[in-house]
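Biologist: I have some questions about how the labels on this model were reached. Could we go through them together?

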Amino acid sequence: DQGLIGGQTTIPIGPLRLLDTAKGNREQTGKIIADALDEESWLTKVEPEHFYAVGGSFRALAHIHMHKRDYPLDIVHQYAVKTMPMRKFLKEIINTPAEILAKVPGAPAKRVESLIPAAQVLDRVLEITHPVDVVFCSSGIREGYLYERLTPFVRNEDPLIASCTDLASQNGRVPGYARELFAWMMPMFGREHENEQRLRLAACILSELAWRIHPDYRAEWAFNRIIQSTLTGLSHDERVTLALALYHRYQYKLKNNSQIVSLIKDKEKAWAKVVGTAANLAFQLSGGMAGNLANVALSLKKGRLEVAFTEDAQDLLADTVRKRIDGLGEAFREIAK
């Protein structure tokens, strides 16, 4: 809770231990789990928004669930499922014979034996605590240990911004432009939430991600680079939204028919288009060099987007730039509704 640790406990109900103790007897396993958790009275008093499922057996359950629903994004980290459908799925796992479970798509062979006790543990915890959803994590003890060894300064960094900065640095672009781009497009996002703000900053940091790629392939390449990246500190929805913003940085009209885009709502799609289109226009005006955007200002007048050029920058107003300004105005009207 805001970085503070509340009630905590360690109890011997790990899947492998349960297999040894109950010898595969599901009723006995359930009794061991219930008895252990019933002793932790503080659990009934917590009201968590999320239950974070950490560990290989939980990740295996996530893989099976993703296959079962044909989930288009094959990334376990931050995969989230509402509690009620998750409990229904867990009961299916618990009641499935191990030999059949081994043939289920997504079930890793080395985790099959531990799947049923893991499902029993998770189901009981969800029954007691009633979280909104279950969020699966690819990180575990090793990552936690490494995190603990970091300096307080590094630990306090935003993981999304830090990982985006690291990814952008691999492209050798001039630093400083991203923050200027972020501030330059601010007039269009006066009411944005904190999460939208950090996602927009991430898009600005990565706005030149595909500059080494052939122009005909930049949009698709940038989209896939974000989807397949090891960026952290963002949900699946945010990952897809960020990827789409980078797609629109290089391509105004969406030609990507990927099922992955269906994971986000029309509102997020419209937001991504504005951010990407603004980044595209900004590059045309600045060449991606810090300092140049000072010659062009965005503003809103009666809800309409206007672009003003200084006298020294008037020559930039070519047909291609006018076309991009019109495109940005059209995209902005979608999020201004």
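Predicted model: local features only at pLDDT ≥ 70, side-chain atom pairs only at ≥ 80, totals over all residues.

Biologist: What makes strand 1 and strand 3 a pair?

Modeller: Two strands pair if at least two bridges are found between them. Strand 1 and strand 3 (residues 133–137) have 5 bridges, in the parallel sense, so they count as paired. Phenylalanine 51, for one, has valine 134 as its bridge partner in strand 3.

Biologist: Thanks! Now, why is the contact of aspartate 38 with arginine 124 called a salt bridge?

Modeller: The cut-off is 4 Å between a side-chain nitrogen of Lys or Arg and a carboxyl oxygen of Asp or Glu. For aspartate 38 and arginine 124 the N to O distance is 2.9 Å, so the pair qualifies. Aspartate 38 sits in helix 2 (residues 26–38) and arginine 124 in helix 6 (residues 112–129), so the bridge ties together parts that are 86 residues apart in sequence.

Biologist: Is aspartate 38 buried, exposed or partly exposed, and how do you know?

Modeller: Buried means under 20% relative accessible area and exposed means over 50%. Aspartate 38 has 48%, so it is partly exposed. Arginine 124, with 22%, is partly exposed as well.

Biologist: What else does arginine 124 meet in a salt bridge?

Modeller: Glutamate 127, at 3.0 Å from N to O. Both residues lie in helix 6, 3 residues apart, which is about one turn of the helix. Asp38, Arg87, Lys91, Asp123, Arg124 and Glu127 are linked in a network of salt bridges.

Biologist: How do you know that glutamate 306 and lysine 301 also form a salt bridge?

Modeller: Their N to O distance is 3.8 Å, which is within 4 Å, so this pair qualifies too. The whole structure has 12 salt bridges.

Methods:
Residues numbered from 1 in each chain as written. Heavy atoms only, no water. Helix = DSSP H or I, 4+ residues; strand = E, 2+ residues; numbered from the N terminus. Buried < 20%, exposed > 50% of the residue type's maximum accessible area, 1.4 Å probe, protein only.
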